[in-house]
Amino acid sequence: FKGGDTCEYLLSSGRFLGEKVWQPHSCMMHKYKNSEAKNCLIDKHAVFIGDSRIRQLFYSFIKLINPQVKEEGIKHGNIPFEDKSASIKVDFLWYPEVNGSMRQRIKSWTEGSVAKPHIIVVGAATWSIKIHNGSNEALAQYKINITSIAPLLEKLAITSDVYWVLQDPVYEDMLSENRKMITNEKIDAYNEAAVRILNSSSRNSKAKVKVFSVSKLIARETIMKSADGLHLPESSRDTNAMILMNVYCNKIMKPIDGSCCQPQPPLTLIQKIAFCFFTLSIIGYLIISLIHRNNYRKNKSCTDLESGEEKKPAISTPNISTLEMLLHCFCKLGLIMTYFYLCDRANLFMKENKFYTHSSFFIPIAYILVLGVFYTENTKETKVLNREQTDEWKGWMQLVILIYHISGASTFLPVYMHIRVLVAAYLFQTGYGHFSYFWIKGDFGVYRVCQVLFRLNFLVVVLCIVMDRPYQFYYFVPLVTVWFMIIYATLAVWPQIVQKKANGNCLWHFGLLLKLICLLTCIYFLSYSQGAFEKIFSFWPLSKCFELNGNVYEWWFRWKLDRYVVFHGMLFAFIYLALQKRQMISEGKGDPLFSNRVSNVLLFISIVSFLTYSIWASSCKNKTECNELHPSVSVVQILAFILIRNIPGYVRSVYSSFFAWFGKISLELFICQYHIWLAADTKGILVLIPGYPMFNVLVSTFIFVCVAHEISQITNDLAQIVVPKDNSTLLKRLLCIAGFFSGLHFFSAMQDQSRH
């Protein structure tokens, strides 16, 4: 941690990711859209003063407001721009030399009641070098002129944002004969003079003129592509304009993926309460631990003075009390949540933008595939989708999704479409797993429901409090939670049809199919009736859970994207369990699932279907159109994978313990990545060790996986305490939880009121 303002880093340092993506040192740069730029600059006046290079920057800046603008103004004259819809004025003033004329114009803004521009961008030097043939006298005069202008700029900087743009290097080989005297050596001398004078002057001033030096770094990489050796190519000046927009607008617009120039957000009331709670938990646990330690010392075996032999303690170490376990869990959780906050809310660690390359995605995929195959073991049972196999499936899918997120592969449509299938496969397993449990066990008790809801939602609720994010922000957990409740309601509503009842009378199977058809009809209706869907989830208290940015559109989009796959999972479970009950499939160790002929035919069809889907997904050209087809066709590749994985007896009898280990903590991995592996709410990458990308990923990944594993343990321990099996105790706990959420809602309302 170097300290200082991230604005300074944005204005002075960075590097290129690839050819066109600029990465500032230590922070993330937001790519402003036209609408965002207008909202930021509404009722604002910006002025660009200088030569043709500043004019280039002026045009790139106004194109962020209106992309239709053409560079048709007078080359050696003033150029006005106005956007009347947002009351934005941006002017270019032609002052190619730092002289008395420029000083007089700047001075006019410091006198009397003249309206001062909100943004002032100044820079010039190449004309002075050119006109005076690079003489030392011209440099001396340049220093005198900047010295006289500096106090005026500092006076303006009290109320306005003032930027001095340093001169970019030139590509000397391409310069025309009348510009040959403009050398990089001369430019460096002029820049050095400007920086020294502005910095020395600002020491005695309350305000500071910001030196825009990052343009030099960008020019060094791109000036070779210049048309004349003097002016930057369009992509480079667009980058400079975007940097300027980030410097000014990030503190106003507060974009999630624009961490540069953003102050640390103040602690909310709920965050302060959470901090106090975790602090008290840590103190409480330490006190209890000290008491137990002292008791243990008193009861410790002592040496028999007569025989010199050690006696065993008369009293055994007492079992850990519920209170101690509770405090222990909250103590660990408090330390972990502090790490979460420091990583993604405090300005302690650096953040960087993602940048996709094929190698950054496919090489790690190949690496984990080799590791997964290396850790192959025999399964305890050889049933279709047995526990080890589903854990393995979740594990490798989660690792692929993590690599997809950190590499920024969402920009590559074929990868995006395949990842959509993996998300759908998770939901397929939700339908398959919960249907199988309720169908076989027939357990529709409150305990089961509370256990599942607690395990799914505990971490997300804590993060909503600590990280000040809405529940819908962690979209996957609301998705699986709602689908679990839909599965439960479908099977628990009268008449309750379970396997035991259906075995006595085959007609019950038709009753269950009728229930599934009703469910499918409801899903179909809601998917094509956005209004009805939004009305259902806009009612309080559902609106508090499913609104994001003031509406439930994001929730509708997420739900609609995989609307049929849970139903497909339930239907697959029903058909599989029916075939298993009638002994129509063979699940012995090493045996194919069906007869050899049927198995070979199904295996061939599955491989062809799997590859056909991949070819279709890889040939996708339009994300919107492919997303429309995805809910109906994703099940093809999912079923194909299940059959390929389970038809051959040997393949069904082994699993990867490496992938299965990750599968057991897949939910925690998916949620934790938001803040302690990625950064800026998944928009960027957390940088613990700057300058060493590979080493940084290794260290941050190790911590991230350990934290996810620890949170999984904490959730399991707390689930036993918070959700007991005894119904009367469970009812009391549920009342306490209801009180907790009521208090949370009350403090949230107070928080919202204070914000408004």
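Entry 1: I count Ala, Val, Leu, Ile, Met, Phe, Trp, Tyr, Cys and Pro as nonpolar, Asp, Glu, Lys and Arg as charged, and the others, Gly among them, as polar. I note that this is a predicted model, in which local features need pLDDT of at least 70 and side-chain atom pairs count only at pLDDT 80 or more, while totals for chains, interfaces and linings use all residues. Residues are numbered from 1 along each chain as its sequence is written, and side-chain values use heavy atoms, with hydrogens and water left out.

I looked up the lining of the second largest pocket and found 18 nonpolar, 17 polar and 10 charged residues. A pocket here is an open set of points on a 1 Å grid over the protein atoms alone, with protein on both sides within 12 Å along at least five of seven lines; a cavity is a set of points where a 1.4 Å probe fits but cannot get out, and lining residues have an atom within 4 Å of a point. I read a volume of about 1600 Å³ for the second largest pocket; a volume is the space filled by probe spheres set on the points, which are joined across faces, edges and corners.

The lining of this pocket has 45 residues, and R387, D391, K394, H434 and R448 lie nearest its centre. The elements that give two or more residues to this lining are α13 (387-407), α14 (413-441), α15 (446-466), α16 (476-492), α22 (565-581), α26 (657-663), α27 (666-676) and α28 (693-722). Helices (H or I, at least four residues) and strands (E, at least two) are DSSP runs, numbered from the N terminus. I record α14 as the source of the largest share, 10 residues.

Entry 2: the cavities. I searched the whole structure and found 3 cavities of 30 Å³ or more. The largest cavity holds about 140 Å³ of space. Its lining comprises 14 residues, with R53, I54, V165, D168 and S215 nearest the centre. At least two lining residues come from each of α3 (52-65) and α9 (234-253), and α3 gives the largest share, 4 residues. By class, I find 6 nonpolar, 4 polar and 4 charged residues around the largest cavity.

The second largest cavity holds about 50 Å³ of space. I list its lining as W439, Q499, N503, H509, F574, L577, A578, K581 and R582. The lining of the second largest cavity divides into 4 nonpolar, 3 polar and 2 charged residues.

Entry 3: the domains. I took the bounds from an automatic or database domain assignment, which gives domain 1 (6-253), domain 2 (322-723) and domain 3 (726-755). Between the C-alpha centres of domain 1 and domain 2 I read 50 Å. I find 11 residues of domain 1 in contact with 8 residues of domain 2, where contact means heavy atoms within 4.5 Å.

The two domains, 1 and 2, bury about 880 Å² between them, with 62% of it on carbon and sulfur atoms. Buried area is the accessible area (1.4 Å probe) that two parts lose on being put together, summed over both. I find 1 salt bridge across the interface of domain 1 and domain 2, a salt bridge being a side-chain nitrogen of Lys or Arg within 4 Å of a carboxyl oxygen of Asp or Glu. I also looked up R15 and E352, whose side chains meet in a salt bridge (3.0 Å, N to O).

Entry 4: the backbone. Most residues other than glycine have a negative phi, and most peptide bonds are trans. I note a cis peptide bond from W494 to P495, with omega near -5°; P495 lies in the loop between α16 and α17. A cis peptide bond also joins W540 and P541, with omega about 5°, and P541 is placed in the loop between α19 (530-537) and α20 (542-546). S26 is not a glycine, yet I read a positive phi of about 80° for it. I find S26 in the loop between β2 (21-24) and α2 (34-41).
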